Amino acid sequence: MSDIALQGIGLTRRFGGFIALDKVDIAVKRGEIRGLIGPNGAGKSTLIDVLSGRAKNRAGRVLINGEDVSGLTPQQRRKRGMARSFQRTNIFPDLTVEQQLRVASWAVADADIAEVMDELHLAGLADFPAAQISYGDQRRLDLALALVGRPSVLLLDEPAAGLTTEESFTLARILRDLANRWNVTVLLVEHDMQVVFSICDRISVLHLGRQLGEGTCAEVRANPTVVAAYLGTEA
Amino acid sequence: MSTLAHDAVRYAKKPRGTSATAVLLLAGAVALLAGFALPWIAPSKLAMSLFAQALFDALLATSVGFLFLQNGRVSFGQAAFSGLGSYAFGVLVARNLVGAEAALLVALLLPTALAFLLGLVIARVSGVAHAMLTLAVGQALYEVAFRWRELAKGDDGMSFDLPARIFGVSARGLQDPAVMVVLAWSILVIVLVGLALFARSRTGMVAAAIRDNEERARFLGYSTTLPRALVYAIAAFVAALAGVLQASYNGYIAPQMFHWTVSGFALIMAIIGGAKFIIGPAVGAVALFYIKDFAGQVAEYWPAIVGGALVIVTLTMPQGIIGLADLLWRRSARR
C-alpha cells in the first residue's frame, strides 16, 4: 500500500472567472498532521471542499490511499475512510449527543462511539440535545462526528474557530494524540498559528489559489516568501 | 477546575431515561384497552359519531405532523393521500372490480407508493417551494376527481354500499358509530405507537438527522433521499388509513376530500396540538374538531372563532398544546 494516504494532483477550481485553486498538488503521508495555512481567500476551504467532494474540481484528481475517488460522492468517499468537519459548527441540533454519534456510527458499520465520547470528553453530555450544550462542546462534538469509525483521512476546516485559548489547546492535544494512536492522517486548516505549529508535522501554504510553499514548521517559519505573504515577522 | 471538567459537572446532573420503549408500549396497551370503554362512556350515538369523525381528522393531522417531525417539511397537500385512499376504496367497492379485501389493500398501498415516488423528487425541495409542490399535487387530484364524472360522478360525489363481509367479518359495523369509534381509536393508538417506535429506530433517527442537517448527514455517508421518501410513504399510509375509514363510515366519496382546505385544516390541527410531538397533531385534531363543532352551534361565522383560537394558541403556546404540557411537566420535574 502506498505511503501516501491523501493526494490531490493538479486540482483546479474556478468560480466564474475567479480561479480559487490553480493546479494545486498536495500529498499527505499516512499518520501525518498536515497544516494548511494562508491568508483569507487563499483557497484553503476550497481545497478541503474539493478533496472531500463537496465541490467539484474542474481539473485534477483526488486519491485516498492510492485509490482515485475524483468521481465519487461525499458518501462514497466516507465509505473509503475520508471524514471532514466544517468551518462553521455542523451538527444535528435537535438530536442528543449520543443519538447523533450513533447515527454517525451506523454509517460506518456500527463503529464504537464510546471511545470517541471518552476521547473528546462528551460522555457526560450524552443525553443533551446538541443545541443545548456550549459552543466549545459543540465544536468537540463536530470533531467527534468526523472521528467515529476511526477514519483514515480527516479533513478539518478551522476546528478551533471561536474557541478560547484553553479550549483550542485542549482540542489540539486531543487531535495530536488521536492521530498518533489511531494512525489518522489529518489535513488541518487553521488560522491559530500556535495550534498549527504545536501539532502539525508539515505545513502547506496557499496563496491566491496556488501553493506557495511546503515544509516542516521550522522550514515554513524560515521561508521568506511565506513570511512576507502570510506569517509576518511575529511568527 | 478546567472548562471541560466544569461542563461535565454542569451537565452530568441530567438523569438518563429508563426504558422509554417499554413505557411507550405499556401506554399504548392501556390506551387500546381504554378504547373499548368509549361506547359505554359516550352520552349518545351522535357523540360517538362526532368522536369517530374527530379520530379520522386525528389520523390525517398525525400524517401531516409526522412529515414535519421527521422530514421538517410542511405539506399543504396531505389530503391527496387520504382522498386517494377514500376514492380507491370507494370506486373499487362500488364497481365490484375486486374483492373488498383487495380494495382495502389497494386503497392503502396506492397512496403509499405514490407518496414514495413523489418523495424521491419533492423531498429535495424545502420551504415554500415544497409546500407549493404538495399543494399542486393535492389540487391536481382534486381536479381529476372533480371533472372525471365517469370515475365517481365528479363534483356530485358518489355513495356506495359496503360489501357484506371484509376479512370474514361483517362490514355493517363499519357504519355503526359504536364499532367505528373503537376501530378508529384502536388504529390511531397503533399508528401513534408505531410512529413513535419508528422515530426511535435507526431509520427514524437517520431521517431526523437529515432533517436537522442534510449536508452533515451526507458527509457521514448517508443517502439523504431514500429515508425522506420513506417518511413520505409512511405519512401517506397514515393519511390513507384516515381516508379509508372515513369513506367506509360514510359510504360516500367526493372531490372535496382532496381539497387543499382539508390539508390546511390538518396542518392547523398539527400546529395547535404540537407538531414536534408524535401525539400532538392528534390532540390538536380532536381539540379543533370540537372547537369547530361548538363554534358552528353558536355562530354563523364559526371560522372566525376557529381563527381566533388558532391565533391565541400560536401566541400563547408556540409548541402547541402538548408542547405546553411538556414544558409544565419538565418544570414540575425540576422542582
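1. In this predicted model, strands β1 (residues 4-15) and β2 (residues 18-29) of chain A run antiparallel and are joined by 8 bridges. Helices here are DSSP runs of H or I with at least four residues, strands are DSSP runs of E with at least two, and both are numbered from the N terminus. Two strands count as paired if DSSP finds at least two bridges between them. Opposite A:R14 stands A:I19 of β2(A). The hairpin of β1(A) and β2(A) has 2 residues between the strands, and A:G16 takes a positive phi near 65° there.

2. Residues are numbered from 1 along each chain as its sequence is written, while chains are lettered from A and ligands numbered from 1 in the order in which they are written. Because the model is predicted, local features need pLDDT of at least 70 and side-chain atom pairs count only at pLDDT 80 or more, whereas totals for chains, interfaces and linings use all residues.

3. β1(A) also pairs with strand β4 (residues 59-64) of chain A, in the antiparallel sense and over 5 bridges. In this pairing A:G8 stands opposite A:V62 of β4(A). The pairing of β4(A) with β5(A) is likewise antiparallel, over 2 bridges, and A:L63 has A:D68 in β5(A) as its bridge partner.

4. How many of the 9 residues of α1(A) are buried? The helix is mostly covered, with 8 of them buried. A residue is buried if 20 or more other C-beta atoms lie within 10 Å of its own, exposed if 12 or fewer do, and partly exposed in between, with C-beta atoms placed from the backbone. The buried residues of α1(A) include A:K44 and A:D49, as well as A:L47, A:I48, A:V50 and A:L51. Just after α1(A), A:G53 takes a positive phi of about 90°.

5. Chain A as a whole has 9 helices and 10 strands. Its radius of gyration is 17 Å, close to the 18 Å that the globule rule gives for 235 residues, so chain A is as compact as a globular protein of that length. The radius is taken over C-alpha atoms, and the rule is 2.2 Å times the number of residues to the power 0.38. Along the principal axes, the C-alpha atoms of chain A fill a box of roughly 50 × 40 × 35 Å. Of the 235 residues, 48% count as buried.

6. The contact between the chains takes 33 residues from chain A and 23 residues from chain B; two residues are in contact if their C-beta atoms, placed from the backbone, lie within 7 Å. On the side of chain A that touches chain B, α2 (74-79), α3 (97-106), α5 and α6 (165-182) of chain A each supply at least two residues. α3(A) gives the most, with 6 residues. By class, this side of chain A has 14 nonpolar, 10 polar and 9 charged residues. Ala, Val, Leu, Ile, Met, Phe, Trp, Tyr, Cys and Pro count as nonpolar, Asp, Glu, Lys and Arg as charged, and the others, Gly among them, as polar.

7. Among the buried residues of α3(A) are A:V97, A:L101, A:V103 and A:W106. Their cover includes α4 (114-119) and α5 of chain A, together with α10 (202-212) and α11 (214-220) of chain B.

8. A:Q138 lies in helix α5 (residues 135-147) of chain A. Is A:Q138 buried or exposed? A:Q138 is buried, because 20 other C-beta atoms lie within 10 Å. Leaving aside residues up to four places away in sequence, A:Q138 touches A:T89, A:I91, A:A130 and A:I133.

9. In chain B, helices α13 (residues 260-273) and α14 (residues 280-298) pack at an angle of about 110°, with their axes 6 Å apart. The residues of this contact divide into 11 nonpolar, 3 polar and no charged.

How values were computed
Axes fitted to C-alpha atoms, helices over the stretch in contact; angles between N-to-C directions.
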